[in-house]
Amino acid sequence: MKLIKKVFILLSLGLCLAFGIFLQISPYHGPLFSENRPTMDKPRMTLAGLGSGDYFNQVNDYIQDVNPWRQDLIQVKSVFQGKILRRPVVNNVYWRGPVQLPYLDGMDTDSLRPDLSAQDMAHFYKKLQGDCQKYGTQFLFVGIPNQTDIFSKKFPSYMEDTGYLAQGEKDLKEALDQAGVDSLFLRDLLAQDPAAYYLKSDHHCSNRGLLLEAREILKKLSSPYGQGDILEDFEEVKDPRPFVGSRSRKMPGLGPKENFAYYRYKKPWTYQLETPAGPGRVLELNPEKATVDYGIYMGGDQAYSVLKTDRPGGLRVLVYGDSYTNGLESTLAPYLSQMTSFDFRYGKKEDFFKELESGHYDYCLCIRDSGIYLKESPNGRFY
């Protein structure tokens, strides 16, 4: 019996050692699909870290991060918790309803709660509008309800209601009106049929919703192009591959499945799209991928891009925001002469103002979702 125990201990130690050596020789480095982030950098050993024990905690996190079977383990965990244990919340996503929503329990709502007043933000946008006008550019704030907001009534009773975001929007709209800041809020439009205008497994709008948003924006801009019903200018193309949304990505195999349908502009048009990575495409269709995700729009999230079209006399528009702008950019592109886009999660405010000061733009569009209307962040308030 003692011999068996010794052999078992030795085999266990050997497996642990072999696993450690394997990770050292061939760790996985790259994007983590479920978390939508890159793997951790290897922790540095310091005397302070050794003394406090932080270094060993970092090593443990690093080993878990670069585990080449990490995604497989997440899939097994998701199916076990969802299908066997029947938990409605897996990996912080509520998946048992008609749409997948982030689980809120009073702690996770900090990122959604406003930390500034509507008057503060209106004052900021008033200042930005004034700077735009100095260079002959008109400013327009475009407000879009977040999926978490528009489906707030779909949350079960034990989850926190996000209906307060609608009140925050009302306060901001009133403050912008009082400050004389031009704005366009699209809640009434999208609330008519949220199931048709939003994706089920992602927090962004569907293509149908994007077309309706683009139509309202073009009307507001008095664009020489696209003043009719632009829905007639596009044809629907269904992609046979599974659509992997930002939330379904975190809990593979659970929740509502959906296929991606994008709208292709039917009329002949040409454009050049320049991104930091080089020339890009309005719709990035990679036939080699087994799935399609929201990155299909404008080649994914870009810190900065410039798109020029063959539309003589069309509007020149400067757009800033985050991923909520990507789909709209793809839909607006055929109706503009030039569109320069900034994503402040990656870009710099100095570059934005340098572009604004060039004086080449008819409009500056700020596109925000209701989850961060009143947040002081690089995407919103940058003075």
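**Close-up views of a predicted model**

**Figure 1. The largest nonpolar core of the predicted model.** This core holds 59 residues, and those with the most contacts inside it are Ile 144, Tyr 198, Ile 217, Leu 221, Val 317 and Leu 365. Helix 10 provides the largest share of the core, seven residues.

**Figure 2. Surroundings of Ile 217.** Ile 217 is among the residues with the most contacts inside the largest nonpolar core. When its neighbours within four places in sequence are left aside, Ile 217 is in contact with Val 142, Leu 184, Leu 328, Leu 332 and Leu 365. Of these partners, Leu 365 is also listed among the residues with the most contacts inside the core.

**Figure 3. The second largest pocket.** The space in this pocket amounts to about 280 Å³. Its lining consists of 18 residues, and Tyr 263, Arg 264, Tyr 265, Val 282 and Leu 283 lie nearest the centre. At least two lining residues come from each of helix 10 (207-221), strand 9 (259-265) and helix 11 (324-332). Strand 9 gives the most, with four residues. Sorted by class, the lining has 13 nonpolar, three polar and two charged residues.

**Figure 4. The largest cavity.** The model has one cavity of 30 Å³ or more. The largest cavity has a volume of about 60 Å³. It is lined by 10 residues, of which Gln 302, Ser 305, Asn 326, Glu 329 and Ser 341 are the closest to its centre. Helix 11 and strand 14 (336-343) are the elements that give two or more residues to this lining. By class, the lining of the cavity comprises two nonpolar, six polar and two charged residues. Helix 11 also supplies at least two residues of the lining of the second largest pocket.

**Figure 5. Thr 148 and its polar contact with Arg 247.** Thr 148 is part of helix 6, which covers residues 147-150. The relative accessible area of Thr 148 is 3%, so this residue counts as buried, the cut-off being under 20%. The side chain of Thr 148 is joined to the side chain of Arg 247 by a polar contact of 3.4 Å.

Technical notes:
Residues numbered from 1 in each chain as written. Predicted model: local features only at pLDDT ≥ 70, side-chain atom pairs only at ≥ 80, totals over all residues. Heavy atoms only, no water. 1 Å grid on protein atoms, 1.4 Å probe; cavity = no way out; pocket = protein on both sides within 12 Å on 5 of 7 lines; lining within 4 Å. Points joined across faces, edges and corners; volume = space filled by probe spheres on them. Nonpolar A, V, L, I, M, F, W, Y, C, P; charged D, E, K, R; others polar. Buried < 20%, exposed > 50% of the residue type's maximum accessible area, 1.4 Å probe, protein only. Polar contact = N/O pair within 3.5 Å; in protein donor to acceptor, adjacent residues only side chain to side chain. Core = buried A, V, L, I, M, F, W, Y, C linked by side-chain atoms within 4.5 Å. Contact = heavy atoms within 4.5 Å.
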